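Please look through the sequence and the model below before reading on.

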Amino acid sequence: MIFKTYQTFVEYNQTGASATLTYVASVVPIFIPVLLFSFFIISLLSSYYFTKRFGGNGNFMGSFAVAGYLTTLVAFSMTLIDGLINTTTVVTCLVVAIVGTLMLLFTNR
Amino acid sequence: MESVTNRINNRGQFRSLIFTAMLVALFIFAMISGGIYLSESNGKNSPLLNNTAINNTFHTLEEQLPETQAIAEGQKNNTFLENPKEGSDSFLFSTIIGAAKVFTGIWRNFYDLTFGLIAETIGVSPVVLGVFTAMLLVSILLLFWRLIKVGE
C-alpha cells in the first residue's frame, strides 16, 4: 500500500499562530472550502431553526442570506493571512451571499 | 378588461421591483467594497480585484449607481418644467403641477435636512446616498403620476 508523504509541520518552517492554519491549508487545499461550507451550513440551520422555534415559522431565504453574509465575512477575514485562502474560494463565498440577497429580496416581496 | 385597482397594484409591483433591483445592486457594491477596504486597510492585496468578473462588476456598479440618481433627477425636472398647452384642461394640469412642485420641494428639503446632514456628518458614500435619492425621486414621480391618473 502506497501512502502519500505529507509535508510535516517542522518542514513547513513557519512561525506564529497563523502557521497552524496555513500549514493545514497548504497540505490539504480543500480544508478551507470545507471549513467555510460547514460554517455556512451550521449558520443556515441554526438561524432557520431558531426562527422556526421562536417565531412560529422559519424563513429559509432570510437564513440563507444571513449565513451567506457571515461566511463571506469569515472569508474576507481569512484574506488577511497570506496563503490561507485562495481567490476562487473568496469569490464563491461572495457569489453565495449575492444569490442569498437576490433570493431574499425578490421572493419576500 | 383590467380594472383601475389592478393597474394601481401592478404599478406598486413595478415600483417594488425597481427598489429591489437598486437595493440588490447596493448590497453587492457594499459587500465587494467592504472586502476590498478590509484588505487595503491592512496592507494586503485584495483577492477580489484579481478576479476579472468581480472587478468589472464593481467598477460597473460604481459608475452606474450615481447615474441612476442623475437620470431620476433629470426625469423629475423634465416633468415639472413641462409647460402645458392651452386648452380646456390646462388650468387643471397647471394646478396639479404647482401642487406637486410644492409637495416635492417639502420632501426634498426634509430629505436634505435629515439624510443629507447625517450622510455629511458620518461620511456616507455618495453611491449609497445616490441610490436612496433615486428611490425617493422614483417614488415621487410615481405618486405624481398616480395623482394625475387617479386623482387621489
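A:Tyr49 has a relative accessible area of 48%, so it is classed as partly exposed. The model is predicted, so local features need pLDDT of at least 70 and side-chain atom pairs pLDDT 80 or more, while totals for chains, interfaces and linings use all residues. Residues are numbered from 1 along each chain, chains are lettered from A and ligands numbered from 1 as written, and side-chain values use heavy atoms, without hydrogens or water.

**Aromatic rings**

Over all chains, the structure holds 6 aromatic pairs. In one of them, the ring centres of A:Tyr48 and A:Tyr49 are 5.2 Å apart and the ring planes stand at 80°, so this pair is edge-to-face. Another pair is made by A:Tyr69 and B:Phe27, whose ring centres are 6.0 Å apart and whose planes are at 10°, so these rings are stacked. Rings of Phe, Tyr and Trp (its six-membered ring) pair if their centres lie within 6.5 Å; planes under 30 degrees apart are stacked, over 60 edge-to-face, and the rest tilted.

A:Tyr48 and A:Tyr49 also belong to an aromatic cluster, which they form together with A:Phe40, A:Phe60 and A:Phe64.

**Between the chains**

How many salt bridges does a search of the whole structure find? Over all chains there is 1 salt bridge, meaning a side-chain nitrogen of Lys or Arg within 4 Å of a carboxyl oxygen of Asp or Glu. It joins A:Asp82 to B:Lys44, and the closest N and O atoms are 3.2 Å apart. This pair, too, crosses between chains. A:Asp82 lies in the loop between α4 and α5 (87-107) of chain A, while B:Lys44 lies in the loop between α1 and α2 (47-50) of chain B.

The table gives the accessibility of the four residues in the two cross-chain pairs described above.

| Residue | Relative accessible area | Class |
|---|---|---|
| A:Tyr69 | 26% | partly exposed |
| B:Phe27 | 34% | partly exposed |
| A:Asp82 | 58% | exposed |
| B:Lys44 | 23% | partly exposed |

The contact between the chains takes 17 residues from chain A and 21 residues from chain B, where contact means heavy atoms within 4.5 Å. Chain A and chain B bury about 1,700 Å² between them, and 80% of this area is on carbon and sulfur atoms. Buried area is the accessible area (1.4 Å probe) that two parts lose on being put together, summed over both. The count of salt bridges between chain A and chain B is 1. On the side of chain A that touches chain B, α4 and α5 of chain A each supply at least two residues. The largest share of that side comes from α5(A), with 10 residues.

**A buried residue in each chain**

Is B:Leu137 buried or exposed? Its relative accessibility is 0%, so B:Leu137 counts as buried. B:Leu137 sits in helix α5 (residues 126-149) of chain B. Not counting residues up to four places away in sequence, B:Leu137 touches B:Gln69, B:Ala72, B:Glu73, B:Lys76 and B:Arg108. B:Gln75 is 62 residues away from B:Leu137 along the chain, yet their C-alpha atoms are separated by 9.0 Å.

In chain A, A:Thr22 has 6% relative accessibility and therefore counts as buried. A:Thr22 is part of helix α2 (residues 19-27) of chain A. Apart from neighbours within four places in sequence, A:Thr22 is in contact with A:Tyr12, A:Ile81, A:Asp82, A:Gly83 and A:Leu84. One of these contacts, A:Asp82, is also the residue that forms the salt bridge with B:Lys44.

**Chain A as a whole**

Chain A has 5 helices and 0 strands, so defined as DSSP runs numbered from the N terminus: helices are H or I, at least four residues, and strands are E, at least two. Along the sequence, the pattern of chain A reads α-α-α-α-α. Of the 109 residues in chain A, 31% are buried. Among contacts in chain A between residues at least 6 apart in sequence, 53% join residues at least 24 apart.

Technical notes:
Buried means under 20% relative accessible area, exposed over 50%, partly exposed in between (1.4 Å probe, protein chains only).
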